[in-house]
Amino acid sequence: MSRGSSVSEQTYFVLAALLDGPLHGHAILKRVAELSQGRIILAVGTLYGALDRLAGSGVIVVEREEVVNGRKRRYFRITEEGSGLVQAEAKRMQEAASVVTRRTLGATFS
Amino acid sequence: MTVLERRYRWLLRCYPRAYRTAHGGELLDLLLDSAGPGRRVPEAREVVGLVSGGLQARVHELARGNPWRDGLHLGITAIMVVNTAALLPYLGSLPIWVVVSLAALLAIVRGRTLLALPLVVVTGAKATAIAAGAQLFELTLIPVYPDFLTGRPLHSTTGPLAVAAGYALVAASLPILRGVRHTRSAWWLAALPLVAWAGPEWISEGGEIFPLSLNRLVLAAALITLGAWAGHVSRDPRWALGSALYLLVLSTEMAQHLDFLSRQHLAYWGLLTFVTVASAALPYRYRRHPLD
C-alpha cells in the first residue's frame, strides 16, 4: 500500500479506526496500533496533522469536545463520505490481493 | 512541570499560536500519556512529528485569503528587504534615507500599503539618482562610502535601471494591495543585516563586477525552496508568485551585467529559476485521490 496506492497506509488505518464509532486522539493511536498489529505507531504530531487534513476534506468531523483535567479533548467521527472512501479502498486492495492469492492458492491445491 | 513536559511545550512552539491555544493542551496530554515512565527526553519520532506537523499547520494558516494579492505582498516585501539592505551600510552618510526606507519596509510588513507608497517613491527616486550619479532632493557626495557590512560604495555595481526596477515594482504593486491588510512576520526585518552584509567571497569570476554575497544567495535559495515546499503542502500559488517577483528583480540586475556573468552567476540563477518554476507547478500537480 505504500507506493502507487491511492490512500496512504496511515490514513487508511486512521479511517478504519473510526469505523466503530467516534474516538479521541489517544484512543485512535491505540486502535491504529491494534488494527495494524503493532506495525503502525503514529507520532502525535503526525496523527493530528492527518486528523486536521481529513477534517478539512470533510472525511471526518469533530463529534464533540470534552474537558478532562482542565484540557479539551476532541472526539472525531467518520462521515458517510469517509466511510465510503475507506470501504472502496479496502475493496480495491482486496481485489488487488486476490490477483495473487488466487494463483498461489490454486497452485497449492492443484 | 516535569522536564519532559517543558521540552514538549517548547517543541509545540512549532505550531502557530492560535493552534497552540486551541489544541496545544490536547496534544501535550497525549504526548505525556504516550511517553514511558521516567522519560526525560522526547522520542525522536515525536520530535519529527511535532516539527513537521507544526510547520504544516503554519503553512495552512498562512495560505488564507486571496493567494494572488498575498503572493504580491510577499514578493514586494522580499524586494523591499533587498532595497533597504542595499542602503543600510551607508547609515552614516544617508541617515534620512535609511530611516525612510526602513519606515517603508515596516509599513509594508504591517500592511500599511498607502502609507508605504510615498516613502517607497521618494527613497526609490533618491537611490536611483545615486546609482545614476545624479543629485536629487539634497546634495550627496558620490560615491557614497559604507560605514559597515560592506566595503563597496553604494550602487557601484548596480546600474540605475536595476535600482529603479526594484522600487518601481514595489510602488506599482502597493495601490493594488489597498483595502485588504496583508501583514508579514517581523522576521523579515531580521533578514536585513544578512542581506546587507557583503559576506564571504563566492563568485570567483566576474564577482568584482557583479558581486553576490554567499549569505544572500543561501538565504534566497533557502526561502524560495521553503516556498516551494509550502506550495506543495498547501497546493497554493502565493509562494510561487512571491519567488517569481524576487527572481524578476534579480534577473534585471543580472541582465545589466550580461557580458560579465560567470558560470557561477548563471548556475545560481538557473537554480533559483528551477525551484521557482517547480513551486509554480507543485500546487497544480495531479490529484491522485480526494485525500491527496
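Guide: Read along the sequence, chain B follows the pattern α-α-α-α-α-α-α-α-α-α-α. Chain B has 11 helices and zero strands, where helices are DSSP runs of H or I with at least four residues, strands are runs of E with at least two, and both are numbered from the N terminus. This is a predicted model, in which local features need pLDDT of at least 70, side-chain atom pairs count only at pLDDT 80 or more, and totals for chains, interfaces and linings use all residues. Residues are numbered from 1 along each chain as its sequence is written, while chains are lettered from A and ligands numbered from 1 in the order in which they are written.

Visitor: What pattern does chain A follow along the sequence?

Guide: Chain A reads α-β-α-α-β-β-α, with four helices and three strands.

Visitor: Why are H6(B) and H7(B) called roughly antiparallel?

Guide: The axes of helix H6 (residues 113-132) of chain B and helix H7 (residues 160-173) of chain B come within 8 Å and cross at roughly 175°. Axes are lines fitted to C-alpha atoms, for helices over the stretch in contact, and angles run from 0 to 180 degrees between N-to-C directions. Angles under 35 degrees count as roughly parallel, over 145 as roughly antiparallel, 65 to 115 as roughly perpendicular and the rest as oblique. H6(B) and H7(B) are therefore roughly antiparallel to each other. Their contact includes B:Leu117, B:Val120 and B:Val121 of H6(B) and B:Val163, B:Tyr167 and B:Val170 of H7(B); two residues are in contact if their C-beta atoms, placed from the backbone, lie within 7 Å.

Visitor: What classes of residue make up the contact of H6(B) with H7(B)?

Guide: The contact has 13 nonpolar, three polar and no charged residues. Here Ala, Val, Leu, Ile, Met, Phe, Trp, Tyr, Cys and Pro count as nonpolar, Asp, Glu, Lys and Arg as charged, and the others, Gly among them, as polar.

Visitor: What makes H1(A) roughly perpendicular to H2(A)?

Guide: The axes of helix H1 (residues 9-17) of chain A and helix H2 (residues 25-35) of chain A come within 9 Å and cross at roughly 110°. That angle lies in the perpendicular range, and therefore H1(A) is roughly perpendicular to H2(A). In this contact, A:Phe13, A:Val14, A:Ala16 and A:Ala17 in H1(A) meet A:Ile28, A:Arg31, A:Val32 and A:Leu35 in H2(A). By class, the contact has seven nonpolar, no polar and one charged residues.

Visitor: How do you know whether B:Val195 is buried or exposed?

Guide: A residue is buried if 20 or more other C-beta atoms, placed from the backbone, lie within 10 Å of its own, exposed if 12 or fewer, and partly exposed in between. B:Val195 has 21 other C-beta atoms within 10 Å, so B:Val195 is buried. B:Val195 is in helix H8 of chain B. Leaving aside neighbours within four places in sequence, B:Val195 is in contact with B:Val81, B:Val82, B:Ala85, B:Arg216 and B:Leu219.

Visitor: Is B:Gly38 buried or exposed, and why?

Guide: B:Gly38 has 7 other C-beta atoms within 10 Å and is therefore exposed. The place of B:Gly38 is in the loop between H2 and H3 of chain B.

Visitor: What makes a group of residues a nonpolar core, and which members of the largest one touch the most others?

Guide: A nonpolar core is a set of buried Ala, Val, Leu, Ile, Met, Phe, Trp, Tyr and Cys residues joined through C-beta atoms within 7 Å. Of the 57 residues in the largest nonpolar core, B:Ile79, B:Val120 and B:Val170 touch the most other members. The largest share, 10 residues, comes from H4(B). Apart from this core lies another, of 35 residues, among them A:Leu15, A:Ile28, A:Leu85 and B:Tyr15.

Visitor: How many residues does each chain bring to the contact between chain A and chain B?

Guide: Chain B gives 21 residues and chain A gives 19 residues. H3(B) gives the most to the side of chain B that touches chain A, with nine residues. The residues of that side divide into seven nonpolar, eight polar and six charged.
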